[in-house]
Amino acid sequence: MGKGRPFLEIFTCALKEDYRFPILEIFAFFFALGTFVFADLGAYAQNGEALAYSLVRTLWGFPLFFIFVVLILKNVAYGLGSDLDKGVIQTLFSYPLKRRYILTAKLLSALGIALLLFLGIQIFGLFLLAPDVILTYSSTVFLTCAAHLCSPALLLAGLVLLLTLRLKRGGFALIIGVVLYLAFTIISPWAPSIAYATGSDLALKIWAVIDPNLALQRYYLGTIWFPSETWAPSFSEVLLYLGAGYLIVAALFIIGYVYFERRLGI
Amino acid sequence: MRWITLLGRTGTVILMVGLALVLFSLISSATEYTPGFREPISPEEYQIVHSGVYTPQTGFQISVESTDNVHVYLLGVSLLEFDNWKTRLAEAYPDLAWIWGDPLVMPMIFVREAYPDLDAPQMPDITDLDDRQIPDIMDIMWNIAVLDKGLQTHPEIILWESPSSTTLSHEFISTDELYITVMVANPSSHTVQVETKITDLTALARKQRVIVAARLLIPIGVALAIPWLISSKVRKGTLRQRNSS
C-alpha cells in the first residue's frame with residue numbers, strides 16, 4: 001500500500017468530520033448570498049484598478065469574511081482539537097504515514113476546502129456581477145484576495161493551530177481565535193491614526209508587515225485626500241509587504257508542523 | 001459509494017448557491033424602486049443630480065421633470081483625466097482637500113479655470129467673519145456662466161446635451177471607464193422645481209444574469225444530489241431494518 005491511500009483515508013475522514021451535512025451547504029448558502037448582497041459596485045475609486053480593488057475588498061468585509069474565519073477556525077481548532085482530545089490522532093499515527101502528512105491531510109480539509117468554497121463562490125459571483133472589471137483587472141483581484149487571505153485569515157489559522165497543538169483542546173483555541181480576529185479588526189484602523197498623529201509612517205509600515213492589505217489599500221486608493229506625509233508605497237513595495245506577510249504565515253505553519261512531528265508528546 | 005457522496009455533496013452545495021441567487025434576485029427586486037427626488041434650482045444656476053464611476057456595459061436611465069425649461073448635461077471624463085483634475089485641485093487648494101468629494105471635482109475645476117485668481121484660499125477662521133473666500137468659491141461654483149465656460153473649455157466631456165425642455169428622459173450605457181456627472185441647469189430668471197429619477201440599468205442586467213445562473217445551477221444541483229439522497233435513504237432504511245430484526 002502506497003502513501004496515497006492512507007493519506008486519502010485520513011483526508012476523507014477529516015472531510016466527513018469538518019463538513020457534516022448540512023454544514024457545508026449552510027456556509028455555501030451564506031457565502032453566495034453574502035457575495036451578492038455585500039458586493040459594492042459603486043465603490044469609491046480613482047481608476048479601474050482601484051475600482052476592482054474596492055469591489056473585492058467589500059467582499060472581504062466584516063459579515064462575510066467573519067463567517068469564513070469562523071469556519072476555518074472551527075475546523076482547525078475544533079476539528080483538530082477534538083481529535084487530539086479524544087485520542088483519534090493516536091489512532092491515525094498507527095497509519096503507515098509520516099506525521100506531517102497526517103497534519104497536511106487535516107489542514108487540507110480544514111483550510112483547503114473552506115478556501116475552495118469561499119474563493120470559488122466569490123470569483124463566480126464577481127464574474128456574474130462585474131465580468132469586465134474582473135477580466136480586465138484580474139491581477140488586482142488576485143493580489144487583493146491574496147492580501148486579505150494572508151492576514152487575518154491564514155495568520156489567525158496558524159496561531160490557532162499552534163494554540164490547539166499546545167493545549168490539545170479546541171474550544172479554548174477557537175474562542176481565542178475569534179477574540180484575536182475581533183481585536184485585529186479593532187486595532188487595524190489605529191495604524192493610520194497613529195501615523196497621522198505622530199507624522200511618521202513607521203506605524204503604517206509595521207502594521208503592513210502583519211496586514212499587507214494596508215500597503216495594497218494605500219497603493220490602490222492612494223493618499224491624495226490625506227496630508228502629504230502619509231505613506232504611499234510603490235508596487236514593488238506592496239509585493240514586498242505581501243511576501244513578508246506570507247513569510248510570517250509560513251513560519252507559523254512550519255512551527256506547527258515541527259511541533260506536531262516532534263513535540264506533541266503522543 | 002464515495003463517488004456518489006462526493007457528487008451528491010457537490011450537488012447540494014451547487015443547489016444552495018442557486019437558492020442563494022434566487023433569494024438575492026428577490027431581495028434586489030424588492031429594493032429596485034428608485035425614488036425620485038425633487039428640489040429647487042435657483043435662477044441661472046445648475047446642480048449635480050447624479051455622479052459616479054461607470055465601466056463598459058454599465059449605465060442608467062435618467063428622467064427629469066421640471067416646472068420650467070431646463071438643460072440636462074451628461075458629462076463624462078476618463079478616470080485618468082479625473083485623477084489629474086483631483087491632483088490639480090489638491091495642489092491648488094491643499095487646505096480644502098477634505099471639504100469636497102468626487103462629485104464636486106468637476107464644478108471645482110470649472111471654477112478654477114474660470115477664476116484662476118481665487119487661488120489657494122486659506123481655511124476660514126470661524127472667529128473671523130470677514131474671511132469669505134470659501135463661501136465665494138461655493139457661490140460662484142453653481143453659477144450657470146461657470147458651467148458654460150467649463151463646457152466651452154472641455155467640449156469633449158459632453159456625452160449628451162438635452163434640448164431645453166420640461167420633460168426629458170435619456171438612457172446611457174458606458175462604452176469606456178468614465179466618471180459620469182449629470183447636471184441640470186436652470187437658464188431662466190426664476191427658481192425651477194426639478195424632479196429627477198435615476199434607474200440603474202446595470203442592476204437590471206446584473207439581475208438578469210443572476211436569474212439565468214440560478215436557473216442553471218438549481219437543476220444541476222438537484223440532478224447531482226438525488227442519487228446521493230436516495231442512496232443515503234436506502235442505507236438508513238437497511239440499517240433500521242437490521243436494527244429492528
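Trainee: Which residue in β6(B) is the bridge partner of H71(B)?

Mentor: That's A185(B). Bear in mind that this is a predicted model, where local features need pLDDT of at least 70, side-chain atom pairs count only at pLDDT 80 or more, and totals for chains, interfaces and linings use all residues. Residues are numbered from 1 along each chain as its sequence is written, while chains are lettered from A and ligands numbered from 1 in the order in which they are written.

Trainee: How many bridges are there between β3(B) and β6(B)?

Mentor: 8 bridges, in the antiparallel sense, with β6 covering residues 178-186 of chain B. Strands here are DSSP E runs of at least two residues, helices are H or I runs of at least four, and both are numbered from the N terminus. Two strands count as paired if DSSP finds at least two bridges between them.

Trainee: Which way does β3(B) run against β5(B), parallel or antiparallel?

Mentor: Antiparallel, with 8 bridges between β3 (residues 59-78) and β5 (residues 165-173) of chain B. In that pairing E65(B) sits opposite T167(B). β3(B) also pairs antiparallel with β7(B), residues 192-200, through 7 bridges, and there S63(B) faces K197(B). With β4(B), residues 158-161, it's antiparallel again over 3 bridges, and Y73(B) is opposite E161(B).

Trainee: Switching topic: how many residues of chain B are in contact with chain A?

Mentor: 29 residues of chain B, against 21 of chain A. Contact means that the C-beta atoms, placed from the backbone, lie within 7 Å.

Trainee: And which element of chain B gives the largest share of that side?

Mentor: α1(B), with 11 residues. β2 (45-54), α2 (79-92) and α6 (201-244) of chain B each supply at least two as well. By type, the chain B side splits into 18 nonpolar, 5 polar and 6 charged residues.

Trainee: What is A32(A) in contact with, leaving aside its neighbours within four places in sequence?

Mentor: I121(A) and G125(A), plus V17(B), A20(B) and L21(B) from the other chain.

Trainee: Is α12(A) largely enclosed or exposed, and why?

Mentor: Largely enclosed by the rest of the structure, because 9 of the 9 residues in this helix (213-221) are buried. Buried means 20 or more other C-beta atoms within 10 Å of a residue's own, exposed means 12 or fewer, and partly exposed is in between, with C-beta atoms placed from the backbone.

Trainee: What covers it?

Mentor: The cover includes α3 (48-59), α8, α10 (190-198), α11 (202-210) and α13 (235-263) of chain A.

Trainee: How about Q90(A), buried or exposed?

Mentor: Exposed, with 12 other C-beta atoms within 10 Å. Q90(A) lies in α5(A), residues 88-92.

Trainee: Last one: where is confidence lowest in chain B?

Mentor: Among its elements, helix α4(B), residues 133-141, has the lowest mean pLDDT, 68, while β4(B) has the highest, 94. pLDDT is the predictor's confidence in each residue, from 0 to 100. Chain B averages 84, and 87% of its residues reach 70 or more. Watch residues 126-132 of chain B, where pLDDT is below 50. The model as a whole scores ipTM 0.89 and pTM 0.75.

Technical notes. Two residues are in contact if their C-beta atoms, placed from the backbone, lie within 7 Å. Ala, Val, Leu, Ile, Met, Phe, Trp, Tyr, Cys and Pro count as nonpolar, Asp, Glu, Lys and Arg as charged, and the others, Gly among them, as polar.
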